[in-house]
Amino acid sequence: MRITDHIANSKMSGLQIRAVIISIFLIVLDGYDVALTSFSAPYLQQGFGVSKTELGLVMSGALIGMLIGSILIAPLADRIGRRNMGVIATSTIAVGMFIGPFATAEMGTGLLVLSRILTGVGVGALVSVVGVIISEYTGKRVYPIVMGVYAAAINIGGLLGATLVGPLLATYGWQFGWWVGFVLSALAAVLTFALLPESITWLAAGRRRDSLERLNGLLGKMGQPALDELPPTETVRVVKAKGAVRTVFTGRTGFYTVLMMVGFIAYMVSFYFMTNWAPTSVATAGGDPALAPQLVAAFSLGGILGTVCFGLIAGKANLRVLTAVVLVLATITLSVFGLIGPNMPTAWWTLCLASFFVCAGSAGFYTIIPKLYPTLARSTGYGIVIGVGRFGGIAAPILGGAAFDSGMSMGTAFTLFSLPMLLAAVLLVVLHIATKRADARDALAAKQAQTRRARASV
C-alpha cells in the first residue's frame, strides 16, 4: 500500500486541514489574478485607447505566462520541492502585480503585457503544485468535494475581485486592481513559506538526505506511524530511470497525455473566450464599463455553484463520463448566451448558467489529470497538460478581439467559440474507453501471474 493510501483512509488531521485551506486560498488568489483583466478591460480600453485586438493581447499576457510557468517552471517542483516552488510562484505573481500600475498611455501597453506575463508565470507554476498537494493531503471521503471547492476557488477569487474591487476602479483607476493583487500575493508568499507543508510523496521519493526525517515529522503531526526507511516503489524507480518527461510521453501514459493535451487546449479556447469577452461584450454594447464587473460576478457565481455541485456528484459517477456530459451542456448554454444578446439582466442570468457547466468542466479536468501519472512525474505531467492547454487560452482573447473587430455578431462569435468544448467531450469519452480496456488487461495479467505463482508453489 502506498503511503498516501494510509493518509487518504484516515481522519483528516489539523495539518491536513491547514494544507487544504492554504492551498485553496492560493487558488482564490489565482482566480483574482486571472479575472483582473476581465473586469478592468473597459477601463483599460478607455485609458490606453486601444482596439479590441490589442486589448486581447493584454488579456493573453497572463495566459502566455501560464504556459511558461506550467511547462518550464512547474516541472522544477519535482526537483526542488513543491512547497519551495509555491514560494517562488507567489513571489513572481507579486512582482508582476507590482510593475503593472506603472504602465501609461504614453508608454503603450508593453509594460502592462509584461506585468501580465510575469503574473501568469507565477499562476502557471502554482496551479500544478497546489493541485498535487491537495490530492495528497485530502482524505478519500471528502476528496471529490475538496477538488470541487478547489476548482471553484478560481471563481471565488474572480467573484471577490469583481464585487469588491471592480466597483472601485471607476474612482481609483484600473491601477487599483493591480495594487490589491500585489498586497495579496506578497501575503500569500509569506503564508506559503511559513505554513504550507511539503508534498508527502515528494519526500517519500527521497529527493533530499533529510527526506525521511522530514517525512516522519509530517506523519507524526497527522497521527500516522513513523517509517524506518523510505518506502521504495516501482513507479519511483521507473521515473528515476526514464525521467519524468519521458514517462509522461511513453506508452499508455503518453497516449493519455496526448488526449488530455488536445482536449484541454480545446476547452481553454472556449473557457477564455467566455471569461475575457463575455463581460466586455455586454459592457461595450451597453456603453457602461461598470457592467463588466457585474458580468464577471455572474460568471464567478455560476462557476462556484457548478464546481461545488460537480464535486458533490463526482463521488457517485464516473468522472470522465460526467465531465463529458457537462461539457456538452456547457456548449449549448454558452451558445444560448451569445444568441440571447447583451440585454441586462437576461445576459447576467444566462452567463451564470453557462458558467455553471463550463466551470464544472474545469473541475473534471483538474480531478482527472493528476491521477493519470506516477508520483515523480505528477507535477511534470500535470504541468505539461495544463500548460499546453494555455495555447488555447492564449489564442482565444486575441482571436475573439479580431472576430469582434471584423464585425462578427455576439451570437455568431459565442456559438463558434463554444464548439471546441464538444471536441473536449469526445476526447474524454475516448480516454474513458481506453482506461477501462487498460484496467481490464491489467486485471487479467495480474490474475494470470497469480495463477502461475500458485502452480509454481505446488
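**Exercise 1. Find which residues of H14 meet which residues of H15 in this predicted model, and describe the packing.**

*Step 1: the residues.* On the H14 side, Phe271, Met274, Thr275, Ala278, Pro279, Val282, Ala283 and Gly286 meet Leu291, Ala292, Leu295, Val296 and Phe299 of H15. Contact here means heavy atoms within 4.5 Å. Helices are DSSP runs (H or I, at least four residues), numbered from the N terminus.

*Step 2: the classes.* This contact has 11 nonpolar, two polar and no charged residues. Ala, Val, Leu, Ile, Met, Phe, Trp, Tyr, Cys and Pro count as nonpolar, Asp, Glu, Lys and Arg as charged, and the others, Gly among them, as polar.

*Step 3: the geometry.* The axes of H14 and H15 are 8 Å apart, at an angle of about 145°. Axes are lines fitted to C-alpha atoms over the stretch in contact, and angles run from 0 to 180 degrees between N-to-C directions.

A note on the model: it is predicted, local features need pLDDT of at least 70, side-chain atom pairs count only at pLDDT 80 or more, and totals for chains, interfaces and linings use all residues. Residues are numbered from 1 along each chain as its sequence is written, and side-chain values use heavy atoms, leaving out hydrogens and water.

**Exercise 2. Classify the ring pair of Phe271 and Phe299.**

*Step 1: the count.* The model holds 22 aromatic pairs, where rings of Phe, Tyr and Trp (its six-membered ring) pair if their centres lie within 6.5 Å.

*Step 2: the pair.* The ring centres of Phe271 and Phe299 are 5.9 Å apart with planes at 65°, so the pair is edge-to-face. The cut-offs are under 30 degrees for stacked, over 60 for edge-to-face, and tilted for the rest.

*Step 3: the location.* Phe271 belongs to H14 (residues 251–286) and Phe299 to H15 (residues 291–314), so the pair ties together parts 28 residues apart in sequence.

*Step 4: the cluster.* Phe264, Tyr267, Phe271, Tyr272, Phe299 and Phe365 form one aromatic cluster.

**Exercise 3. Describe the surroundings of Leu15.**

*Step 1: the position.* Leu15 sits in helix H2 (residues 14–48) and is buried, at a relative accessible area of 7%.

*Step 2: the neighbours.* Leaving aside residues up to four places away in sequence, Leu15 touches Tyr137, Pro197, Leu218, Lys221 and Met222. The C-alpha atoms of Leu15 and Lys221 are 6.6 Å apart, although 206 residues separate them along the chain.

Note on methods
Helices (H or I, at least four residues) and strands (E, at least two) are DSSP runs, numbered from the N terminus. Buried means under 20% relative accessible area, exposed over 50%, partly exposed in between (1.4 Å probe, protein chains only).
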